[in-house]
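Here's a quick tour to follow with the model open beside you.

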Amino acid sequence: MEQQKRYGHFDDQHREYVITDPQTPWPWINYLGNEDFFSLISNTAGGYSFYKDAKFRRITRYRYNNVPMDNGGRYFYIKDGDTVWNPGWKPCKTPLDFYECRHGMSYTRITGKKNGVEASVLFFVPLKKWCEVQKLTLKNESKEVKQLKLFSFEEWCLWNAATDMENFQRNFSTGEVEIEGSTIYHKTEYRERRNHYAFYHVNAPIQGFDTDRETFVGLYNEFADPQAVMEGKPRNSHAHGWSPIASHYIEVTLQPGESKDFVFLLGYIENEQDEKFEALQVINKKKAHALIAELDTTEKVDKAFAELCALWDNLLNIYKVRTGNDKLDRMVNIWNQYQCMVTFNFSRSASFFESGVGRGMGFRDSNQDLVGFVHQIPPRARQRIIDIASTQFPDGGCYHQYQPLTKRGNNDIGGGFNDDPCWLIFGTVAYIKETGDFSILDEMVPFDNQPGTEVTLFEHLKISMNHVINNLGPHLLPLIGRADWNDCLNLNCFSWDPNESFQTTENVSEGTKAESLMIAGLFVVTGKDYVALCKKLGKTDEAARMQKAVDAMIAAVKKDGWDGEWYLRAYDFYGRKIGSNECDEAKIFIESQGWCTMAEIGAEDGMVAKSLDSCKKYLECEHGMVLNNPAFSKYIYEYGEISSYPEGYKENAGIFCHNNPWVIIGECLAGRGNDAWSHYAKILPSYVEEKYQTLHKVEPYVNCQMVAGKDAFKPGEGKNSWLTGTAAWMWYTVSEFILGIKPDYDGIRIDPCLPETATDYTVNRKFREADYEITIHPNGQQKGVKSIVLDGKNVDGTVIPYAPGKHVVEVTM
Ligand code: GLC
Ligand code: GLC
């Protein structure tokens, strides 16, 4: 194998990924912010900030898919004699004497050195504050006095990130700013219906500024050579329309060995309607002044940073494993959990592959994200469940997405994705098992956010199950609707018009026979959970009713959902098989193998084992399991978007990492630990990092949605990193099924499934008010717990009963 160039490495002690070459194969980014104010930041300080909603409250501007790549960010220009450079290398790209970017837990530190000067910038969003801190430390490491000219730079977005990119006839006339001391305020549209503005501040006197982009950069110059910087002279420009920016100019003298800190703040403020103005056209800056005062010294900033780090210490102390395998431990203890938090916060809205204008929060996506996050901050998961359920319709169907700012269902995309309702059970059950909080089921939750329509959350779960039962097709399998989990299997779309959306067009649905085996499996898995929940609640009739429906579904799958060596994928509009040996292409699909093996349908008849073997035989390759095999080589209009992708990409036989864990869980339930582990390690970032930094292209510390499959031009190349259900599924798989620590209503179920090479390991798990130290002795076994000793006493069965306090558990397999 060709030796791959390396661009960085893990630093587990600091929980950082350290990038040592700025020219990564793709921008490698990080996320700042935990609740309201968010930023994306690349390893060269590219990216942008927004408040809550990447579409409607975009604070700074970014250019997607541009030349050069990764254009727009928070840039510091340092002019030292004739040399102009940036600590993050871009945009000037002046070769640096030293470069390092450390992406950590909700912070990034970028350090550059040039000609005896070190510039180090710490970027983070303090807890509960609506701002991004940029603490710049300049240090003179030379023996001479340094006279530096420092220019900061941010470019304002005119709030709505979508119209900002298109409505220029208006935009070029609306931009407005105010300048007060060392603070530049962005107040476009504040004069009319907006009650929010942004500001960019530095805690030092400035010797000049610029707020008009054209004046600062020059119309035919670039971020790499802004005229004001190149000449070392700010213009003190005041923006009127066009494109407002914010740049401070500071002259800095540094004695040999001396260092100075500058705290830059990018802040966001909302004012009450009747307190918007100080005087005609003068914005009320009271809240901005107060925010600035909270962070105007190095000491205050360091304290805020320490608080953020303490939060992460706590979050990552909830589940901690020591296996002796660094590659596994760092993913479980650090990066997988971190990615789960990020996906929970952002859903699929804003990454370097999602422009932040296209999508709100997905119904199914957010329910899955919950499962990776619920152990960290359960109250936020609880609120999310209520928000999601509030977008449901009385018949159990639901909006496919909702907008985070308004929490309203998104009319553009509508509903009709027939897997969606089941995910609400998946998310809610995970929440209750983690917290023991059954009271969530009694919360009154509306339909379609309409006041007056409230029923209990339990009722929402019930109608979710009913939605499947009420929408069965000719084989008594679930009708697929617009699509199931696979957004691209559009069996009722029949589109020849390239301007139609595959997701929202349903040209033919009257009389459809299109059924989904993926939903069938999902229904059985969540149905069993629902039955168990009903029993727990003493609702025996409801439990029996649903058990009957689950049994009927199992029978239907066995009768009409089995192809001989694997589960079918679907029936099309006409009732013809999809994902069958009879098909020319795409004979086997991963989703139904995953869900039907998780549901253990036909395990007693050998169906599960056969299906898992077929995954290995037909779907597996060096980089993971592909979605379908063989890939579609032509567009099939009865199938929709899936066949629109070239072979090996996305839903057409890409390695859709999201669904690999389904099969891995199937393997775990079947007790096949060696196979489960080998599938898992193939898509585990730390293993990929070691071998394929160049090929993989995207960030090596997180999972991406899709890796090009075996039929692709470049198998192994990753795309769509960060915001993917893969994060939660990887977490769920490794924490509960491989390492085997599974929250349950009455305690923690211990049931690992390991490769036979596994050695003793210890998991520290905080659970409700308890703290367990669980040591597992695998003894070469892949599955099967022989004995559990809790605080010196034998436990019957595999559940350690919950009791507050500290406990020591010894498990022998
Ligand atoms: C994307 C979507 C997800 C969907 C998947 C498969 O990841 O976010 O909702 O299930 O693609 O199409
Ligand atoms: C496209 C993508 C799919 C995604 C969907 C969401 O179809 O291929 O992955 O889930 O868009 O809109």
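**Strands, a ligand and cysteines**

Start with Tyr17, whose bridge partner in β9 is His103. Keep in mind that you're looking at a predicted model.

**Around strand β9**

- One of the residues to look for is Glu100, which has Thr111 in β10 as its bridge partner.
- Together β9 and β10 make a hairpin with two residues between them, and Ser106 in the turn has a positive phi of about 70°.
- Is β9 enclosed or open? Six of the seven residues of β9 (residues 98-104) are buried, so the strand is largely enclosed by the rest of the structure.
- If pairing is new to you, strands of a sheet pair through backbone hydrogen bonds, either parallel or antiparallel.

**A three-strand sheet**

- Further along, you'll find an open sheet of three strands in the order β27-β28-β29, with antiparallel pairing.
- The edges are β27 (515-516) and β29 (577-578); each has a single partner strand, so one side of each has no neighbour in the sheet.
- β27 runs antiparallel to strand β28 (residues 570-571), and two bridges join them.
- Within that pair, Glu515 has Tyr571 in β28 as its bridge partner.

**The ligand site**

- Which residues sit around ligand 1? They are Arg348, Arg359, Arg364, Asp365, Trp485, Asn486, Asp487, Glu651, Phe656 and Gln705.
- Sorted by class, that shell has six charged, two polar and two nonpolar residues.
- Arg364 puts a polar side-chain atom 2.8 Å from an oxygen atom of ligand 1.
- For Asp365, a side-chain N or O atom is 2.7 Å from an oxygen atom of the ligand.
- Asp487 uses its backbone instead, with an N or O atom 3.0 Å from a ligand oxygen atom.
- On its own, ligand 1 has 310 Å² of accessible area, and the protein covers 97% of that.

**The cysteines**

- How many disulfides are there? The count comes to zero.
- Cys309 counts as partly exposed because its relative accessibility is 27%.
- Cys422 is in no disulfide either, as the nearest cysteine sulfur, in Cys398, is 9.8 Å away.
- Cys422 counts as buried, because its relative accessibility is 0%.

Conventions:
Residues are numbered from 1 along each chain as its sequence is written. Chains are lettered from A and ligands numbered from 1 in the order in which they are written. This is a predicted model: local features need pLDDT of at least 70, side-chain atom pairs count only at pLDDT 80 or more; totals for chains, interfaces and linings use all residues. Side-chain values use heavy atoms; hydrogens and water are left out. A residue is near a molecule or strand if one of its heavy atoms lies within 4 Å of it. A polar contact is a pair of N or O atoms within 3.5 Å; within protein, one must be able to donate a hydrogen and the other to accept it, and residues adjacent in sequence count only if both atoms are side-chain atoms. Accessible areas come from the Shrake-Rupley method with a 1.4 Å probe; for residues, only the protein chains shown count as cover. Ala, Val, Leu, Ile, Met, Phe, Trp, Tyr, Cys and Pro count as nonpolar, Asp, Glu, Lys and Arg as charged, and the others, Gly among them, as polar. A disulfide is a pair of cysteine sulfur atoms within 2.5 Å. Buried means under 20% relative accessible area, exposed over 50%, partly exposed in between (1.4 Å probe, protein chains only). Two strands pair if DSSP finds at least two bridges between them. Helices (H or I, at least four residues) and strands (E, at least two) are DSSP runs, numbered from the N terminus.
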